[in-house]
Amino acid sequence: MSVIVKNTEDLEDLDESELEELYTWVDKIPLSRPKRNIARDFSDGVLVAEIVKHFLPKLVELHNYTPGNATPQKMQNWFLLNRKVFLKLNFQLTEDLIRELCLCKQGLVERFLMHLRAKIEKASWEMHKQSGERNEVAQHQSKTALKMANPKNVKYKHSDKPEADQNISMSNVSFQTHERNDYTRDVSPPRQKLPPAPLQKGNNKMKPLDDMVPRAVYEEKEQECLAKEETIQILQAKVRRLEHLLHLKDVRLEELQVRLETTRPTGKNKR
């Protein structure tokens, strides 16, 4: 469940040493704009998106955030961060607090950035932990596959004999096994053929049912698909908005053309 940061009292106060540490942390991050006034620089939310992108690249799509000086545009960027980024970091901002950030309230952005830094560090630690667990699962699966690939009743031991002697020993074992198979060929009952593994249709490809994908990988791919679908919807909305603006401009041009034609002198008043 995400924590809602309602007002400035929910953010911790910072002393001089913590402020210096925060400024040093921000200076180490490559941002698209030079930092002159930190309250004004971060007021539109674009640099905040760049900070999250630097540490957690999969959470942010920078093309969705437009720099602006007008308060509505700034708040739009913050609302998008609130809905798509902060929610995944288990916190959200209220509209009043977002408005104060857009209006460059003194000392507020530093306290917010310290809060954001703590959330980013926690999310990074959890991601590394999950990655380590996935690696352990993959190693366990590979070891299990190797064990299944080796014969069950044959044990290979290290030998100090020369390579030629080892080859002779292995050929003797193969010869004895071959003789034993020839001897019991007519006695042992015929082996029944197992039916092939059932196949599953999906996306025009035939896959065995036992070819399973780890749940963590599946969930990660599912989250990527959802993020891409949201990006497509946002881009489609932008395209519709641009088409609407083009239509309004065309109408305006037609009105100006008509007005120009009506105000143009016709030459009838000349003597």
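Let's start with Cys 104: this residue is partly exposed, with a relative accessible area of 28%. On that scale, buried is under 20% relative accessible area, exposed is over 50%, and partly exposed is in between, using a 1.4 Å probe and protein chains only.

A word on the source. This is a predicted model, where local features need pLDDT of at least 70, side-chain atom pairs count only at pLDDT 80 or more, and totals for chains, interfaces and linings use all residues. Residues are numbered from 1 along each chain as its sequence is written, and side-chain values use heavy atoms, with hydrogens and water left out.

Back to the cysteines. How many disulfides does the structure hold? The count is 0, where a disulfide is a pair of cysteine sulfur atoms within 2.5 Å. Cys 104 is in no disulfide; its nearest cysteine sulfur belongs to Cys 102, 8.2 Å away. Cys 102 is buried, at a relative accessible area of 2%.

Now the rings. Rings of Phe, Tyr and Trp (its six-membered ring) pair if their centres lie within 6.5 Å; planes under 30 degrees apart are stacked, over 60 edge-to-face, the rest tilted. That rule gives 5 aromatic pairs. Take Trp 78 and Phe 86: the centres are 6.4 Å apart and the planes at 50°, so this pair is tilted. Phe 86 is buried, with a relative accessible area of 0%. Trp 78 is also buried, with a relative accessible area of 0%.

Trp 78 also pairs with Phe 112, edge-to-face, at 5.4 Å centre to centre and 70° between the planes. Phe 112 is buried. Finally, ring pairs link Trp 78, Phe 86, Phe 91 and Phe 112 into a cluster.
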